[in-house]
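Please keep the sequence and the structure in view while reading.

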Amino acid sequence: MALHKTPPNSRGYYVKMKLLHKHGRPHHHQEKNCFYKYYKWLLWLSLSLYFFTSYLISNNNHAKQPSHHQTPHVSRTLIESNNTAPSQSLHSRGSSSLKNLKVFVYDLPPKYNTDWLSNERCSKHLFASEVAIHRALLTSEVRTFDPYEADFFFVPVYVSCNFSTVNGFPAIGHARSLIASAVSLLSSEYPFWNRSRGSDHVFVASHDFGSCFHTLEDVAVADGVPEIMRNSIVLQTFGVVYEHPCQKVEHVVIPPYVSPESVQDTMENSPVNGRRDIWVFFRGKMELHPKNVSGRFYSKKVRTMIWRKFNGDRRFYLQRHRFAGYQSEIARSVFCLCPLGWAPWSPRLVESVALGCVPVVIADGIRLPFLSAVKWSEISITVAERDVGRLAEILERVAATNLSTIQRNLWDPATRRALLFNSQVREGDATWQVLRALSEKLDRSYRGSRVSRQLDFDT
């Protein structure tokens with residue numbers, strides 16, 4: 001029976017072959033019996049292998065792919081968190097990107113901030129980080145105009161621009177009342193302060209003793225942090241490693257303000273790896289008699305001891321008077337002394353690093369800014385206040401051992417960038433470091449904590 005004569009009711013090739021076999025074949029095809037028998041079994045084996053291997057491949061692929069049917073209910077919050085929960089995205093990517101962090105900047109009346117800019121010193125002096133951070137946030141990608149999606153709320157109050165008509169120094173006696181007035185205003189017009197009791201609100205306190213708002217430590221300690229701010233986050237220049245009343249608030253230690261434009265201008269004329277013909281440098285206030293007119297000892301006598309001990313030493317270039325071009329002197333120096341003043345910190349810390357001069361920190365217990373970004377132990381020298389009389393000996397030892405290593409670490413552009421505030425946020429700069437620090441405090445955010453609690457509930 002020929003293969004093309006297929007019975008009309010045939011249900012498959014295998015069945016047809018059985019029927020053909022059942023009814024026999026004409027005599028002239030008998031010699032092909034072996035071939036058909038062999039062909040039949042070969043075809044059967046091939047089809048069996050094909051379907052079997054297809055089954056295995058199909059099941060293996062399903063096993064490798066996550067099943068979408070294992071969990072009958074998927075939380076809507078969990079799905080939406082891919083786009084709306086910065087805590088997850090920030091931690092999953094580390095701190096390399098802050099794209100999902102959201103900060104709402106209050107638009108306060110100008111009497112709280114921009115009115116003070118009529119004095120150009122307001123945006124340029126050592127306390128001007130309060131202005132620089134505000135300006136940078138206004139054009140930053142992290143800024144949101146929708147307060148309901150904000151992780152943090154920035155309160156732009158400038159308290160360091162009220163310059164004394166007597167000595168020209170910033171007078172901050174008005175700081176507490178100005179901040180209290182701003183909080184009263186925003187808490188009456190917005191619901192966000194009241195719902196979190198201010199825990200996700202951010203202030204800047206860029207003066208001597210930070211959130212205690214006084215230039216003298218004993219008065220600052222007695223006054224303490226204003227009650228209205230004690231539950232908030234304060235960006236402050238003051239920081240020590242021991243317990244202190246002016247740190248009894250959630251805070252981030254930030255560097256004092258140094259103009260990045262002035263640093264750039266100086267570096268164009270004096271590159272950081274250029275010639276340095278001054279061995280030890282200091283220019284600034286050094287009391288000849290440490291107890292000043294207020295009856296207090298300025299700098300805990302440290303600066304006076306430096307002057308008395310090393311003023312006649314030709315290796316030390318010490319100057320007590322102001323000089324507009326003093327940054328060029330820093331750029332020519334190997335070591336720059338950074339002793340405490342009324343407070344432990346000083347702008348010399350930033351200027352020294354920015355201009356490639358090894359900072360010599362003389363301020364017991366000081367906590368330096370942005371420890372995760374700036375490896376202070378690798379770029380600076382720390383001298384105890386009690387050892388200030390041995391400065392020459394200590395620095396001679398450093399010069400003879402690991403000075404070149406310290407300078408190589410110091411001259412890393414990323415280190416300089418981390419301490420300078422720019423008018424617009426740049427990755428790695430000082431405002432970026434502030435945002436990075438805030439991203440590690442998302443547990444204080446009302447929005448972040450709500451998402452976290454919802455995730456825990458759904459889990």
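## A buried pair of cysteines

Cys212 and Cys246 are both buried, where buried means under 20% relative accessible area, exposed over 50%, and partly exposed in between (1.4 Å probe, protein chains only). This is a predicted model, in which local features need pLDDT of at least 70 and side-chain atom pairs count only at pLDDT 80 or more, while totals for chains, interfaces and linings use all residues. Residues are numbered from 1 along each chain as its sequence is written, and side-chain values use heavy atoms, with hydrogens and water left out.

Cys212 and Cys246 form a disulfide with their sulfur atoms 2.2 Å apart; a disulfide is here a pair of cysteine sulfur atoms within 2.5 Å. The torsion about their S-S bond is about -115°, so this disulfide is left-handed. It links distant parts of the chain, 34 residues apart: Cys212 lies in the loop between β3 (201–205) and α8 (217–223), and Cys246 in the loop between β4 (233–236) and β5 (250–253). Helices (H or I, at least four residues) and strands (E, at least two) are DSSP runs, numbered from the N terminus.

## The other disulfides

The whole structure holds three disulfides. In another of them, the sulfur atoms of Cys122 and Cys161 are 1.9 Å apart. Its torsion is about 75°, so the link is right-handed.

A disulfide also joins Cys336 to Cys357, at 2.2 Å from S to S. This link is right-handed, with 115° about the S-S bond. Which cysteine sulfur is closest to that of Cys338? It is the sulfur of Cys336, but at 6.6 Å it is too far for a bond.

## Helix α9

In helix α9 (residues 260–269), the buried residues are Pro260, Val263, Thr266 and Met267. They lie on the same side of α9 because they cover an arc of only 125° around the axis, the arc being that of the directions from the helix axis to the C-beta atoms. The face turned away from this buried side carries the exposed residues Glu268 and Asn269.

The buried residues of α9 pack against α11 (326–331), α12 (348–354) and α16 (413–417).

## The chain as a whole

The protein chain has 18 helices and ten strands. Of its 459 residues, 48% count as buried. Among contacts (heavy atoms within 4.5 Å) with a separation of 6 or more, 69% are between residues 24 or more positions apart.
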